Amino acid sequence: HSNKHRILAGGNWRVKEVKAVHNQYVKKGDVLTVMDSYDIQMDLMARDYELLKLENAVQSYKDNYKPARLSEYERDLELAQNEMERSKRELDLIKELYEAGSESLKNVEAAEYTYNSKMHDYLSKKNELDEIRKDHAIKQEEYERVLKEKVAELELKKAELARKRETVTEDGLITADTDGIVTVVGIEPGTSTTQNQVLFEIAQ
């Protein structure tokens, strides 16, 4: 019998009856032992609660993630660019008028000053947006990585609980999850199990 299959206790359960005996052939679904149903129900409830807490943790992590509102920064940058372009057109026009003798040098210098400050404003907004984009990409990556881990943990717990519900019923029956020969009986009536104690081993 190369493939040994263990059935473990999921908590502190009181053993009421042991149905399977050493060297007995059992089929999947056969009742191996009867546990105190209250203990089992408490255990399953605790696991359901654990699952609920994990689900809530995933949800609140999602809810609390606030990605950078890039569109607002992009709109600001676009406005700054329009302002800069407009002040450039004004500067060009005033220069032409100055050259034609109908504008003062003072107004040319004022228009140059306006244009330079608008250009400076545009460039600093552009740099700011570049930084925010970089930062956003890093945060987004981190968020996705952590979320993936949290979801994986949740899925694992769900699978564990589903597996557990296959072998344990709320009325305290523990059944074989495979066909085979019982090679180990690790419990006796009247005792209490400990978490992960081997109840039975079935060789396939």
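I started with Asn23, which sits in the loop between β2 (15-18) and β3. My strands are DSSP runs of E, at least two residues, and my helices are runs of H or I, at least four residues, both numbered from the N terminus. Asn23 has a positive phi of about 70° although it is not a glycine. I checked its surface too: Asn23 is exposed, with a relative accessible area of 55%. For the record, buried is under 20% relative accessible area, exposed is over 50%, and partly exposed is in between, with a 1.4 Å probe and protein chains only.

Housekeeping: this is a predicted model, where local features need pLDDT of at least 70, side-chain atom pairs count only at pLDDT 80 or more, and totals for chains, interfaces and linings use all residues. Residues are numbered from 1 along each chain as its sequence is written, and side-chain values use heavy atoms, with hydrogens and water left out.

Next I went to Asn196, in the loop between β6 (180-185) and β7. Asn196 is not a glycine either, yet has a positive phi of about 65°. Asn196 is partly exposed, at a relative accessible area of 48%.

Then the sheet. I found an open sheet of four strands in the order β1-β7-β6-β3, with antiparallel pairing. β1 and β3 (25-26) stand at the edges with a single partner strand each, so one side of each has no neighbour in the sheet. I count strands as paired if DSSP finds at least two bridges between them; five bridges join β1 to β7 (residues 198-203). One pair I noted was Arg6 with its bridge partner Glu201 in β7.

On to helix α2 (residues 70-99). The 30 residues should span 44 Å, and the end C-alpha atoms are 43 Å apart, which agrees. The buried residues of α2, including Leu77, Met84 and Leu91, pack against α3 (105-167), where contact means heavy atoms within 4.5 Å. Just after α2, Gly101 takes a positive phi of about 85°.

How values were computed:
The expected span of a helix is 1.5 Å times one less than its number of residues.
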